[in-house]
Structures are given as C-alpha cells and as structure tokens.
Amino acid sequence: MERPLPLCDRMERKMEENTARDVETGSEAGAEDALVGNVNKLIVTPPGYSGAPRKGHLLFDACFESGNLGRVDYISEFEFDLFIRPDTCNPRFRVWFNFTVENVRETQRVIFNVVNFSKTKSLYRDGMSPVVKSTSRPKWQRLPAKNVYYYRSPDHRRNYVMSFAFCFDREDEVYQFAYCYPYTYSRLQHYLNSLERRNLPFLQREQLGLSVQQRRLDLLTITNMDHLSPKVKKLVFLTARVHPGESPASFICQGVIDFLVSQHPVAQILRDHVIFKIVPMLNPDGVYLGNYRCSLMGFDLNRHWQDPSPWAHPTLHAVKQLIVQMNQDPRVNLEFYIDVHAHSTMLNGFMYGNVFEDEERVQRQAVFPRLLCQNASDFSFSNTSFNKDLVKAGTGRRFLGGLLDDSSYCYTLEVSFYSYMTAGSTAPVPYTEETYTKLGRNVARTFLDYYKLNNHIKDNRPTHIQSAEGISADRRQ
Ligand SMILES: [Zn+2]
C-alpha cells in the first residue's frame, strides 16, 4: 500500500512501537499517537538499584491526551531532571509539559528541574508557576511562586532551567503537573456534544474537515436564523488553538460561545444582528499530541496561511477555503477575523492588528480593542500593537488583513499564560480557568458596543444596524 504521509523516521518508529504496546494493553483506538516519545509509566529508581520498586520511587507518565514529558533523569532521592518532549517532527519547540507522578511517599519532598525549554524569555521570571492537581483535589491550582526558580544553570550547560519544589502529601494520589491549565481535544468534543444536545435553534455545528489523524475540525455558527436577512448581518469569524500549547485560548473561546448561546439579553440581540462563525480548535492533532506550537507533521500552521496544502495542512486549508469563499460571496459581510492565542512573556489580554497606509483605517481598527478595554479590566489597550513584521507574514491576521476589503478587521487576541494587572492592582493577578473564560464573555459582549446595539436591550424592535464606518467615526478619540 502506498504510504499516505511522509512522517519523520523517528516518529514512525515510535508509532510502531507504541501501536505494538497498545495491542498488548488493549488501550482504545487512537490512543497510540498520544504516546509518541512520551515517558510511559516510567519508574525512576536510583542508579544500580535492582530490586522491586518501593514506595517513593516515583512513577512518571505522560502517555495520555495532551501529555508531554520525554525523559526523566535521577539526580538524587530528592531531585529529578525533566525533559520536555519536543513537538512531533519539530525539535525546535519545547515549552508545554503535562505529566503525572505517583507511587509517592507521604511528606516526600522533591525538586523537579525542567531543563530543556526552547525559550529563554519566560514569565517564570515574573512569578509564573506550573499548575498542579491530584486525585482528591481535581481542580487545577498554580503552585506558590516562592517554590519556583528560573535561572541559568551551571549544571545544565548554562541553559535556562525552571526548578520547582513540591511536597507530596497523600500516598495513594496521582499528582499531575502542567505548564498551564490543559484543555484537550476530548474536552472540546464533550463540550460541543453537550451544546448539540440542547438543540438550540440558533446554533449549528458542522464538521468543516478532518485533521491529518482524522480528528474533527469543528465549525459552529451562532445566529438567529429567523431574524433579518443574512445580507444585512455582519459576520464575525473566530478561530483558536492554531498553536496547540496555548490552552488559555480554548477557555476564551468557550467563554465566547457560552455567552453567545446564553439567554443574556445582550446575547439575544447579538444573535439577531450578527452571524458568529467559530472554529474552536484549528490544530486538533497538535492539541491531542501535547505539542506546543506545531501540527503532527511539525508545521507551525500559523505560518502557512499563504499557501496551505490540503494534505499537509488540511485543517488550515479548509478554514482558509471557507473564508475565501465567504469573502467572494456578495451575500456575506465578513467584518471581523479574530485568532485567539496565549502569550508566554507578556501580561494581560491584548491584541495585535495590522498596519495600513490609510490613517482612517488605522483609527477604525483601534475601535474594537478600545471598547474591549472598557469592558474587560484584564484587557490592556496599551499592550495592543499594530505591526507588519516579515516574520508574521504567514499568520492568519496578516494574510487575511491583505485579502479582505478595507471595511474588515483582522486581529490576533493574545492572553498571558500567567496574569494580568488592572488599573487598581499593585501585583499581577494570576489568571484562572474562570478568568480566561470571562475574558471570552467580555469579547463577545463588546460586539454589542461596537455595533451600537445597546438601545435594543430596552427597545427590542428590529432596526437597521448602522455601518461600522459611521459608528467608529464618533468613537474615535
Ligand atoms: Zn500563538
């Protein structure tokens, strides 16, 4: 049979090994690809030790969805070097980690050193810490910042190392540590399935395509189908998780969706006047595999918008095709494209936009971020910037900014992996799953201000939406 895909050799070998192991353990179909290169129920015993493992000989595992841990070195009874598994087929990216530890002794204290980050600049310098949960405490928490150290290590060829101290407190628990709150492909599927079961008349879920490993590329359309002709409606297109390790983007995206399908009066008005198209997970394979930046085949999909291939970048290809099609359709009024990301060195939520020659367009583009800044105390307009770096040329924002006409706006919405400062705060406030979701709700309701639909809340007669130009002109400062 012809080979369908040119996977890199190392990966194919791994996949064969893992498939063989799956047969023995009888794990469910599809699980094999999560195992690529991850430690699999690895018990780390002292060098030279040959007896049966004892309590306190830690058992590491990352063979689960979105798991990532490539190697563990025993340094001492109390200290372990941990190696992030690089993105599949792309060794350049090593940031996301997500693994479990069990077989611990009560009150066992350890130091874990994550020794092979591919980035040197990191929010760990500013107080960020990994998240942790355990069997009886299933809600993720951030570790206390005082237990986390980020430094150039003389023991690791002067690499930047993040070390954290942890004290296990319950013997029979499984502890899980991660770079940030995980949001897996399965979690999204459960969420979308539960939305579908509600049979909401204004929500449609489609499979826009499949990933290389045949995972669903979901597209949601949220709008009141009965209200106004589609011609009059503006269309807002939102995508998330092109970068799989940027899990906060999924919480934001879910916040947007939750708000838009709610009974909130603002949501009802928005559904009457706007069509929302949302692709919640643009890179489902990368998310499933526990990659940070790339797809299964090692592509940073956010650098391939100019010429995506239907077989190497099928999800991106499908989304681009849809947007190009809509852009050519005179019945569609595509006005916003927002791609949601998470940022590893900045605080707050903020946006990137494009640079235009036309000063008036530049001003109009600043309107939405300004309004969002008024609605979301964690969103910073001063961190928002407009650029045309060459390196960003293949991104969705840049590519679509060039494609769509000059009444459309393309943004990247970024949110810190760590925290935000508000006007009144003296110290950074770490983001939680809930505050990420809240930012999403605020993004959704900002469209009401943008389209000046506020009067509809009290007086719900269908009226014509003003053109964006007319609105933005008097918003300008
Ligand atoms: Zn990103």
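**Reading the model**

Tutor: Ser-122 lies in the loop between strand 6 (109-114) and strand 7 (131-134); helices (H or I, at least four residues) and strands (E, at least two) are DSSP runs, numbered from the N terminus. This is a predicted model, in which local features need pLDDT of at least 70, side-chain atom pairs count only at pLDDT 80 or more, and totals for chains, interfaces and linings use all residues. Residues are numbered from 1 along each chain as its sequence is written.

Student: Why does Ser-122 count as partly exposed?

Tutor: A residue is buried if 20 or more other C-beta atoms lie within 10 Å of its own, exposed if 12 or fewer, and partly exposed in between, with C-beta atoms placed from the backbone. Ser-122 is partly exposed because it has 17 C-beta neighbours inside 10 Å.

Student: What does Ser-122 touch, not counting residues up to four places away in sequence?

Tutor: Two residues are in contact if their C-beta atoms, placed from the backbone, lie within 7 Å. With that sequence exclusion, Ser-122 touches Phe-117, Tyr-150, Ser-344 and Thr-345. The C-alpha atoms of Ser-122 and Thr-345 are 5.2 Å apart, although 223 residues separate the two along the chain.

Student: Which strands pair with strand 6?

Tutor: Two strands pair if DSSP finds at least two bridges between them. Strand 4 (residues 79-83) runs parallel to strand 6, joined by four bridges, and strand 10 (residues 160-167) pairs with strand 6 in the antiparallel sense over six bridges. Ile-111 of strand 6 stands opposite Glu-79 and also opposite Ala-165 in strand 10.

Student: Which residues have the most contacts inside the largest nonpolar core?

Tutor: In soluble globular proteins, nonpolar side chains tend to be buried together. A nonpolar core is a set of buried Ala, Val, Leu, Ile, Met, Phe, Trp, Tyr and Cys residues joined through C-beta atoms within 7 Å. The largest one here has 120 residues, and Val-114, Leu-238, Ile-252, Cys-253, Val-256 and Leu-260 have the most contacts inside it. Its largest share, eight residues, comes from helix 3 (residues 248-260). Among the contacts of Leu-238 are Cys-253 and Val-256.

Student: How many residues of helix 9 are buried?

Tutor: Six of the eight residues of helix 9 (residues 396-403) are buried, so this helix is largely enclosed by the rest of the structure. The buried ones are Gly-396, Arg-397, Arg-398, Phe-399, Leu-400 and Gly-401. Their cover includes strand 14 (234-240), helix 6 (314-328) and strand 16 (334-343).
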